[in-house]
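Hi everyone, thanks for coming.

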Amino acid sequence: MADAPDPDLAPTPRLWRPKRVLITRSALAWDHGRSIAERAAGLGLPIVELTGDRLMLPADDSYAAAKSTLAVVVAPPGKLRLQPIAPSADWRVDLAEGCPAHCSYCYLAGSLKGPPITRTYANLPEIFAALPAYLGQGKVTSRSRTRAHEGTTYEASCYTDPLAIEHLTGSLSALVAHFGAWDADVQLRFTSKFDAVEPLLALEHNGRTRMRASLNPASYARFEGGTSTVRARIAALRRMGEAGYKIGLTIAPIIAADGWRAAYGDLIADIAAALNDLPGLDLTVELITHRYTAGSKAVLDNWYPGSALDMSTAGRAEKRTKFGGIKHVYDTARMRELRGFFEAEIAARLPAARILYWT
């Protein structure tokens, strides 16, 4: 009798199905906006074509209603003026804003204004046309002795998880293909908590895109509602590596809960077992500890009142941001302990990996 299929490695990933798709009048003027509408219609999703460009939620203007809404809009002019995104990349390029996942540490909480609708942009030609002006102008990789070989880097997952909505938008595939055809010293970067990589595998990426899987131990994935399982994300990362993509790990947010050493040790061991035999493995690691602001904590407490994630001030220190705000991070002793552990474990189990930064 054949073994039952492993649900973590199901060949058909679980895909987000929003309860409504709002399309603004301006978005419908773009080919890509109409293409997204066609994709949504093909999936049988309810589509509302708005008579203007103002987004209107149903009377139930709640977190749940917003989180189950995809809006197709036009990126405003400000989105075409790229911003630096240290320490990840030289520049941030936004295909969308918002995310359908339900992570109780969400980094977007307190950063994005208004209800947490996922907005995807229809005016891709304008977004693509803005990129060349920033070539060679960054300060993270363009002028770094240790990362200059990456070229000018563009991060596509600052304000969204582009893979989470790719089956609805096709925007990430278009961007990967654009970079693949761009004869320049550039690299596109994106990170994801999802595993639906199939649309990307056959693209002519020409080695100019690096996908990173955003990972935490399975025991901490309870804080990551609506995402693919950790095993499925690792398996998807391997498929991307087999397709010739540069790949990476975003271990984030690192949570110093009871048993963290064993939990993260098992995670790194699982990653090593899945990736170490990949021919020509090009693997980077980004290590990001859990942090929050007073504003983001207030939003998250409202969104996820039953979350067991520790956001108390015990064992925390205050860190001032470049904008004058205050983040609560782990104190110096815990930071030192965490960093020493991860650097040692990665060196031992993933010898080919390069740690890009710790924060």
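The count comes to 2 cavities of 30 Å³ or more. A cavity here is a set of points, on a 1 Å grid over the protein atoms alone, where a 1.4 Å probe fits but cannot get out, and lining residues have an atom within 4 Å of a point. Points are joined across faces, edges and corners, and a volume is the space filled by probe spheres set on the points. This is a predicted model, where local features need pLDDT of at least 70 and side-chain atom pairs count only at pLDDT 80 or more, while totals for chains, interfaces and linings use all residues. Residues are numbered from 1 along each chain as its sequence is written, and side-chain values use heavy atoms, with hydrogens and water left out.

The largest cavity has a volume of about 50 Å³. Its lining includes Trp16, His167, Phe194 and Asp195.

Now, His205, in the loop between α6 (198–201) and β11 (209–215). His205 counts as buried because its relative accessibility is 8%, and buried means under 20% relative accessible area with a 1.4 Å probe, protein chains only. The His205 side chain reaches the backbone oxygen of Ala243 at 2.9 Å.

Methods
On a 1 Å grid over the protein atoms alone, a cavity is a set of points where a 1.4 Å probe fits but cannot get out, and a pocket is an open set with protein on both sides within 12 Å along at least five of seven lines; lining residues have an atom within 4 Å of a point. Helices (H or I, at least four residues) and strands (E, at least two) are DSSP runs, numbered from the N terminus. Buried means under 20% relative accessible area, exposed over 50%, partly exposed in between (1.4 Å probe, protein chains only). A polar contact is a pair of N or O atoms within 3.5 Å; within protein, one must be able to donate a hydrogen and the other to accept it, and residues adjacent in sequence count only if both atoms are side-chain atoms.
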